[in-house]
Amino acid sequence: MKNKNFFDENGYFVIKNLFDEEKIQNYKKILSNLGNLNKPWDVPDGITKHPELWEIIVNKKLLSSLRENIGDLKYTKHSDIIINKNGIGWHRDSAHRSFGIGPDWDESISDYKVVRVGIYLFDNDNKESFKIGFIPKSNKKDSKLNQWKIGWLFPRYTRLFMKLGIPIKLWKPFRMQEDWIKVNNGDCVVFDQRVYHSPNDYKGEKIALYL
């Protein structure tokens with residue numbers, strides 16, 4: 001129950017080696033038929049749109065881990081294919097992203113159990129490797145300063161710097177811990193959609209599937 005205890009406390013956990021090398025190569029072959037894996041592209045709700053990828057949704061190892069750590073399951077049509085695209089910045093994936101405001105934050109009737117599943121299908125051993133960062137417990141607490149910095153100031157700073165051609169740097173959260181996870185071929189991360197998360201500013205390949 002290690003993952004369940006960690007998930008309940010922090011809002012995320014990792015499944016190492018969800019897919020073996022044979023599965024990884026099979027899925028990469030399918031994806032290469034949809035687009036060039038050496039260029040940036042994405043397909044919103046791409047897994048739902050392509051039946052050849054549906055077996056990922058019902059993968060026995062994935063479902064077993066989710067049931068053990070989350071509970072009963074329902075699949076929602078919010079699954080994406082993201083190839084070689086990256087946008088740094090702390091954010092939430094929930095419908096209501098301002099802490100404490102909206103139905104996503106009302107657990108008076110039932111616990112919030114909407115999770116995002118990220119699956120990574122690329123070698124990640126270079127010096128500037130890809131990592132996904134989380135702010136633990138940010139589905140349970142936040143500060144007004146963080147909400148202002150992340151929700152209001154950072155998007156404006158980002159747009160200005162993009163116009164000026166200045167590299168964007170990820171800000172550190174105020175008085176909150178960061179946890180950066182290096183994923184590799186076949187690894188999977190599962191997280192409460194209300195948890196702050198962000199990729200790092202990395203260089204190289206990224207083949208990712210999100211459920």
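Biologist: How much space lies in the largest pocket?
Modeller: The model is predicted. Rolling a probe the size of a water molecule over the atoms shows where empty space is left. For the largest pocket, that space comes to about 540 Å³.

Biologist: Which residues are the closest to the centre of the largest pocket?
Modeller: The lining counts 19 residues. Elements giving two or more of them are α5 (60-69) and β4 (115-120). Closest to the centre are L73, K74, Y75, T76 and V115.

Biologist: How many residues of that lining are nonpolar?
Modeller: Take the other classes of the largest pocket's lining: 3 are polar and 4 are charged. The nonpolar residues number 12.

Biologist: Which element gives the largest share of the lining of the second largest pocket?
Modeller: The second largest pocket has a volume of about 370 Å³. Its lining holds 18 residues, with I82, H91, P199, K206 and Y210 nearest the centre. By class they divide into 6 nonpolar, 6 polar and 6 charged. Both β3 (80-83) and β8 (197-199) supply at least two residues, but the largest share, 3 residues, comes from β8.

Biologist: How far apart in sequence are the parts that K23 and E55 tie together?
Modeller: Side chains of opposite charge can pair when their charged atoms come close. K23 and E55 form a salt bridge, with the closest N and O atoms 2.8 Å apart. K23 sits in helix α2 (residues 21-34) and E55 in helix α4 (residues 54-57), so the bridge joins parts separated in sequence by 32 residues.

Biologist: Is D80 buried or exposed?
Modeller: D80 forms a salt bridge with R116, the closest N and O atoms being 2.7 Å apart. D80 lies in strand β3 and R116 in strand β4, so parts 36 residues apart in sequence are tied together. The relative accessible area of D80 is 12%, and buried means under 20%, so D80 is buried.

Biologist: Which residues are linked with D93 in a network of salt bridges?
Modeller: The structure holds 11 salt bridges. In this network, D93 is linked with D80 and R116.

Biologist: What is the relative accessible area of R194?
Modeller: R194 forms a salt bridge with E107, the closest N and O atoms being 3.8 Å apart. E107 counts as partly exposed, at 36% relative accessibility. R194 is buried, and its relative accessible area is 3%.

Biologist: Which residues make the nonpolar surface patch of about 380 Å²?
Modeller: One of them, L145, lies in helix α6 (residues 144-164). L145 is partly exposed, at 33% relative accessible area. The patch is made by L145, W148, W152 and F174.

Notes: Residues numbered from 1 in each chain as written. Predicted model: local features only at pLDDT ≥ 70, side-chain atom pairs only at ≥ 80, totals over all residues. Heavy atoms only, no water. Patch = residues over 30% accessible without salt bridge, like charges linked within 9 Å, V, L, I, M, F, W, Y side chains within 5 Å. Areas by Shrake-Rupley, 256 points an atom, 1.4 Å probe, with all protein chains shown as cover. Salt bridge = Lys/Arg side-chain N within 4 Å of Asp/Glu carboxyl O. Helix = DSSP H or I, 4+ residues; strand = E, 2+ residues; numbered from the N terminus. Buried < 20%, exposed > 50% of the residue type's maximum accessible area, 1.4 Å probe, protein only. 1 Å grid on protein atoms, 1.4 Å probe; cavity = no way out; pocket = protein on both sides within 12 Å on 5 of 7 lines; lining within 4 Å. Points joined across faces, edges and corners; volume = space filled by probe spheres on them. Nonpolar A, V, L, I, M, F, W, Y, C, P; charged D, E, K, R; others polar.
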